Amino acid sequence: MASEAEFESEFVAVRRHADGVAELVLDRPKAMNAVSTDMARAIGAACAALAADASVRVVVLSSAAERAFCVGADLKERNALSDAELVRQRPTTRGAYGGVLELPMPTIAAVHGFALGGGFELALACDVIVADETAVVGLPEVSVGVIPGGGGTQLLPRRVGAARAAELIFTARRVEAAEALSLGLVDSVVPAGQDTEQALALAGRMAANSPVGLRAAKRALRLGHGMDLAAGLEIEDAAWRTVAFSGDRAEGVAAFNEKRKPNWPGQ
């Protein structure tokens, strides 16, 4: 069971679950989690708090809105902004998407309903995407005269390849769950209403492992992506050195030999 909310703003909450799993909940249901300036600021602040907390092993990004994970930028707010105000808003917006992307522990997006534009970019910023059968994803920004600006032009091709990403971005089309799975836009599809439950279960399986190992493995995966093999192996070696002499490594080996569950020190 989740504990009471530890971090909460008007639009975002952080809830704790067992074994170091934290849930970052998007909670602006009346607007289907459209990301306003205030909501972006809250996402960034929540991510900063999670990143600094060594007790958090895995983060699940979920939604409290019934019909959507997140429909992207708050276009009603954007329509009222002057050019100068839009420029001033940009660092706050980038802070939200970058905050999720830069979380040092594994992250899982639990997606149902609409995950469009910046909403899908929040999911793409996570390491794994669990979607339910109601999910509809896409990056439709060019249909309103802009481009994906929350990482989509860089994260989507890393998932599905340059040509597929170009087709999806240039057509601005929406993709339903079954096709999204076949294209690699999401990593699993579960029955309707079970996205958060299944994402938390997956997070629990991840969190049973070494916190030091999880963070080092993520660092190696992220930094090594796109590098040539020799450079990637050097990145992996540097990450290995951070765990090889850690307390977690000593405890993991001892627990294996003693045929017991590890009690990770997390250092």
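Reply: Let's settle on strand 3, residues 21-26, which is mostly covered: six of its six residues are buried. Buried here means under 20% relative accessible area, exposed means over 50%, and partly exposed is in between, with a 1.4 Å probe and protein chains only. Strands are DSSP runs of E with at least two residues, helices are runs of H or I with at least four, and both are numbered from the N terminus.

Before going further, a word on what you are looking at. This is a predicted model, in which local features need pLDDT of at least 70 and side-chain atom pairs count only at pLDDT 80 or more, while totals for chains, interfaces and linings use all residues. Residues are numbered from 1 along each chain as its sequence is written, and side-chain values use heavy atoms, with hydrogens and water left out.

Back to the strand. Val21, Glu23 and Val25 point one way from strand 3, whereas Ala22, Leu24 and Leu26 point the other way, and all are buried.

Now for its partners. Strands of a sheet pair through backbone hydrogen bonds, either parallel or antiparallel. Two strands count as paired if DSSP finds at least two bridges between them. Strand 3 runs antiparallel to strand 2 (residues 12-16), and five bridges join them. Strand 2 is itself largely enclosed by the rest of the structure, because four of its five residues are buried.

Strands 2 and 3 form a hairpin with four residues between them, and aspartate 19 sits in the turn. Its phi is positive, at about 60 degrees, although aspartate 19 is not a glycine. Aspartate 19 counts as exposed, at 52% relative accessibility. Alanine 172 also has a positive phi of about 60 degrees without being a glycine. Alanine 172 is in the loop between helix 6 (162-171) and strand 10, and with 13% relative accessibility it counts as buried.

Strand 3 also pairs with strand 4 (residues 58-63), in the parallel sense and over six bridges. Alanine 22 turns up again here, as its bridge partner in strand 4 is valine 59. Between the two strands comes helix 1 (residues 37-51), and strand 3, helix 1 and strand 4 make a right-handed β-α-β unit. A crossover is right-handed if, with the strands pointing away from the viewer, the path from the first strand over the helix to the second runs clockwise.

Helix 1 spans residues 37-51, a stretch that takes us to cysteine 47, which is buried with a relative accessible area of 2%. A disulfide is a pair of cysteine sulfur atoms within 2.5 Å, and a search of the whole structure finds zero of them. For cysteine 47, the nearest cysteine sulfur is that of cysteine 126, 8.6 Å away. Cysteine 70 is in no disulfide either, with the sulfur of cysteine 126 again the nearest, at 12 Å. Cysteine 70 is buried, with a relative accessible area of 0%.

Elsewhere, four strands form an open sheet in the order 5-7-9-10, with mixed pairing. Strand 5 (68-70) and strand 10 (175-176) stand at its edges with a single partner strand each, so one side of each is left without a neighbour in the sheet. Strand 7 (residues 114-116) and strand 9 (residues 136-138) run parallel and share three bridges; leucine 116 stands opposite glycine 138 there.

Finally, the whole chain. It has eleven helices and eleven strands. Its radius of gyration is 19 Å, close to the 18 Å that the globule rule gives for 267 residues, so the chain is as compact as a globular protein of that length. That radius is taken over C-alpha atoms, and the rule is 2.2 Å times the number of residues to the power 0.38. Of the 267 residues, 46% count as buried. Among contacts between residues at least 6 apart in sequence, 66% join residues at least 24 apart, where contact means heavy atoms within 4.5 Å.
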